[in-house]
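This briefing is intended for a reader who is new to the structure shown below. Please keep the sequence and the model in view while reading the points that follow.

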There are 2 protein chains.
Amino acid sequence: MAQQVYEMTLNDFIEIAASKSHTPGGGNVSAVVATLGASMVAMVGNLTLANKKYEEHKDQAQGCVDRVMGMIAKLKDLTVKDMEAFDAYMGVFKMPKDTDEEKAARKQAMEDAAKQATLVPLEICKTCLDIVDEADALSKYGNLMAISDVGVGAMVAEAALRSCMLSVDINVPSIKDQDFVRDVLAEKARLFTQAEKLRTLAMARVIEKMGG
Amino acid sequence: MAQQVYEMTLNDFIEIAASKSHTPGGGNVSAVVATLGASMVAMVGNLTLANKKYEEHKDQAQGCVDRVMGMIAKLKDLTVKDMEAFDAYMGVFKMPKDTDEEKAARKQAMEDAAKQATLVPLEICKTCLDIVDEADALSKYGNLMAISDVGVGAMVAEAALRSCMLSVDINVPSIKDQDFVRDVLAEKARLFTQAEKLRTLAMARVIEKMGG
């Protein structure tokens, strides 16, 4: 199913997400939510580009659009990777554990799968921060007629970051490698702090430009 | 375009949302985001229903799923209505304003369109609160194996509420009827306060059940 996620209609995606099937689950739905936030940032970038009034910001806006479209492509890829990491993790539980060798192999596979099922959502979270970062920059010069949509992009992407981080939280306790865990938790704290700061700055500008 | 929004593939929807076309814009994208949050609440409801371990909560879970699927249907309808309200509002600006009669008719049409373009996103926001409310209830008894996805539902739906409210904020300043404006602002305050409270309660339970 993973490969064709973005080829599904919204109706079908929502139906399968709402069903008792575990995938799509919170991590990959968060990634889809993030693409929608990103699309609003790209739209305002495009509306800035298309308007002569903002000619002096044309290069900035083009750079924003190019980067955000790249983030959307990356999120699509990570959505699939997140489903695969989940399936791989579930697969490990079916590995045999009769001999000592099998037990050791299973234990190692479990550690590797838990790490992968942590790193993929963490990468989705990082991409969400990048979107909030673009929204923050665009809130300074983006087309005033659509400035509220920069706020939509910032808030939706931050929420996607926070909701996707729950997938990190689920898997971290299973990981034995404590150096790895320490790095993940430090990155989590950095992502939350930066996203909140940049979303706050973007929203303050959006609210001011909307007339307070 | 409005009628077929949910029949579009995710790829196509994201592409058109990211383009310089004003629709889909912040309000309707927020509604789509809300359906994704709702789908996670429904999934956990279904996973609770499907598991014998939660048999004592079967009726509650069935009620939750039925209501949330109804909210998704309502949001799909409101997504279309939001696009139509935006188009209708834009249409008013093209009305003639040569005679006094034309001016008066245009002024009245503008007031009506501004009200409609406020009430529709406000209704989307109310439905977002209903989703957070369902997440809060489900966080008390939902299937532990998927409890983090209740958190995803609550956070995504609250973000959709906040981002959709920007569409209310845009249109309120154009409305002359101050009684109407007062009611809208009171409802906005209620929705924000309730959603934050219920999301906080839901998230507290989710975090505790995930092991803190």
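In this predicted model, A:Arg162 lies over the face of A:Phe192, at 4.2 Å from the ring centre. A charge is taken to sit over a ring if NZ of Lys or CZ of Arg is within 6 Å of the ring centre and within 35 degrees of the ring normal. In chain B, B:Arg162 is placed over the face of B:Phe192, at 4.2 Å from the ring centre.

**Conventions**

- Residues are numbered from 1 along each chain as its sequence is written, chains are lettered from A and ligands numbered from 1 in the order in which they are written, and side-chain values use heavy atoms, with hydrogens and water left out.
- Because the model is predicted, local features need pLDDT of at least 70 and side-chain atom pairs count only at pLDDT 80 or more, while totals for chains, interfaces and linings use all residues.

**Aromatic pairs**

- Over all chains, the search of the whole structure finds two aromatic pairs.
- The rings of A:Tyr89 and A:Phe93 have centres 5.7 Å apart and planes at 35 degrees, so this pair is tilted.
- Rings of Phe, Tyr and Trp (its six-membered ring) pair if their centres lie within 6.5 Å; planes under 30 degrees apart count as stacked, over 60 as edge-to-face and the rest as tilted.
- A:Tyr89 is buried, at 7% relative accessible area, whereas A:Phe93 is partly exposed, at 46%.
- Buried means under 20% relative accessible area, exposed over 50%, and partly exposed in between (1.4 Å probe, protein chains only).
- In chain B, the rings of B:Tyr89 and B:Phe93 are also a tilted pair, with centres 5.7 Å apart and planes at 35 degrees.
- B:Tyr89 is buried at 7%, and B:Phe93 is partly exposed at 44%.

**Cysteines**

- Zero disulfides are found over all chains, a disulfide being a pair of cysteine sulfur atoms within 2.5 Å.
- The closest cysteine sulfur to that of A:Cys64 is in A:Cys128, 16 Å away, which is too far for a bond; A:Cys64 is buried, at 1% relative accessibility.
- For B:Cys164, the closest cysteine sulfur is in B:Cys125, at 4.2 Å, also too far for a bond; B:Cys164 is buried, at 0% relative accessibility.

**Annotated domain**

- An unreviewed UniProt entry lists residues 9-188 of chain A as "domain: Cyclodeaminase/cyclohydrolase"; positions follow the numbering used here, feature names are shortened, and annotations may be inferred rather than shown by experiment.
- The span of residues 9-188 of chain A is 79% helix and 0% strand, and its end C-alpha atoms lie 32 Å apart.
- Helices (H or I, at least four residues) and strands (E, at least two) are DSSP runs, numbered from the N terminus.
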